[in-house]
Amino acid sequence: MRPRLVRGRPELSLYVCGVTPYDSGHIGHAFTFCAFDVLVRFAEASGVRVRYVQNVTDVDDPLFERARRDGVGWRELADRELESFVHDMSLLGWRRPDVMPSVSGHIRPILDAAKRLNAHGYAYKTDALYFDASRYRGYGRLSHRTRRSMVRKLRDEALLGQVGPGAKKDELDFPLWRGSAPDEPAWPSPFGAGRPGWHIECSAMAMKYLGEQIDIHGGGRDLVFSHHESERAQSECLTGKVPFARAWMHTGLVRYEGRKMSKSLGNLVLVSQALERAPAAAVRLYLASHRYRRDWSFEWSGLAKMVRLVERIRALLEGEVRGAGAPRPGVVGAGAGPGVRRGAAGPGLPTRFSAALANDLDTPSAIRELRAAVRAGDRDAVRSMLAVLAGTASLS
């Protein structure tokens, strides 16, 4: 996909579905956000300005359930876990998004979107305000699912809800605005005091910061249905503009010990655990050694291989530093500073490295080019590749 030209300069708008901050971040989360970090850094190093938005879902059932369990306020829990997430990702050399909007801070535009959908006949009110999925003829096409498959997935994820008089009319309809439990936050609305539904949040925040149509919408593959399917439907009904997103990018799921890595199953590798056993740049390169679209299994032996590569890179770059009589050994950053963040052209990226990333973000091939540059002792090439693949993550 070619970036749009804005006042003669290539520009890309990117919206990535972020975390629900109720627990420590794990490698599955890091895989998604580091993949998009590579995309952003590659685009900016190629002279493309990126407007990057990543939301924070701080109004959601899992957060409230954890707050109840731990006996803490929901906002206190959300603030604490968001701080922990940002800390972990910063250690991994992540380029912080331009905007990280929270649901709780954007109730007005979210409610405005729900009211507009209702006013134009795309929603109806019973025990909640529901989006009428039958009004969007393409529902299911983004996720390539049949009606039966969609209903099954909603049931499996306990999102089906009640169908019948006084509830929703059809299994595929979803809430735009719903009531709150007594210990949950609630905001006034024409549909009763309550809180937003899950999907409308991202539509409203994406449009507020990126406009009615965006270039790339991303997130984990587990969000394709029902979240992104529903977001696409309501957004295009809201504006009448098609497509809502010119491209959708979904990252694969990370397995550990034979099962999908997830908080509910308890088979997590936390970012902090990985950083105890490997430099941050090694963790980044290990994540980048897998294609972003594919599922894969985390192996400590795979991370160890990247530790060895980072040791070789560090020795190569430290040799240059010592030769220049500069700072003490060991203080070598992997990647780019503020200049690359804002799209400075820099020394330029090696041609085959750029071609690999331009081919649907083929990071494993890009790492092969990095290895070749290390073998050749090409410090400039190594440094420019690391700036994209590892950001500002430390080599030590």
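Let me start at Gly252, which sits in the loop that joins β9 (245-251) to β10 (254-256), where strands are DSSP runs of E with at least two residues and helices are runs of H or I with at least four, numbered from the N terminus. This is a predicted model, in which local features need pLDDT of at least 70 and side-chain atom pairs count only at pLDDT 80 or more, while totals for chains, interfaces and linings use all residues. Residues are numbered from 1 along each chain as its sequence is written, and side-chain values use heavy atoms, with hydrogens and water left out.

Is Gly252 buried or exposed? Gly252 counts as buried because its relative accessibility is 5%, the cut-offs being under 20% for buried, over 50% for exposed and partly exposed in between, with a 1.4 Å probe and protein chains only. Leaving aside neighbours within four places in sequence, Gly252 is in contact (heavy atoms within 4.5 Å) with Phe31, Tyr292, Arg293, Arg294 and Asp295. Of these, Tyr292 is 40 residues away in sequence, yet its C-alpha lies 6.0 Å from that of Gly252.

On confidence, the mean pLDDT (the predictor's confidence in each residue, from 0 to 100) is 92 for the protein chain. Over residues 324-332, however, the pLDDT is below 50. Where pLDDT is low, the predicted coordinates should not be read in detail.
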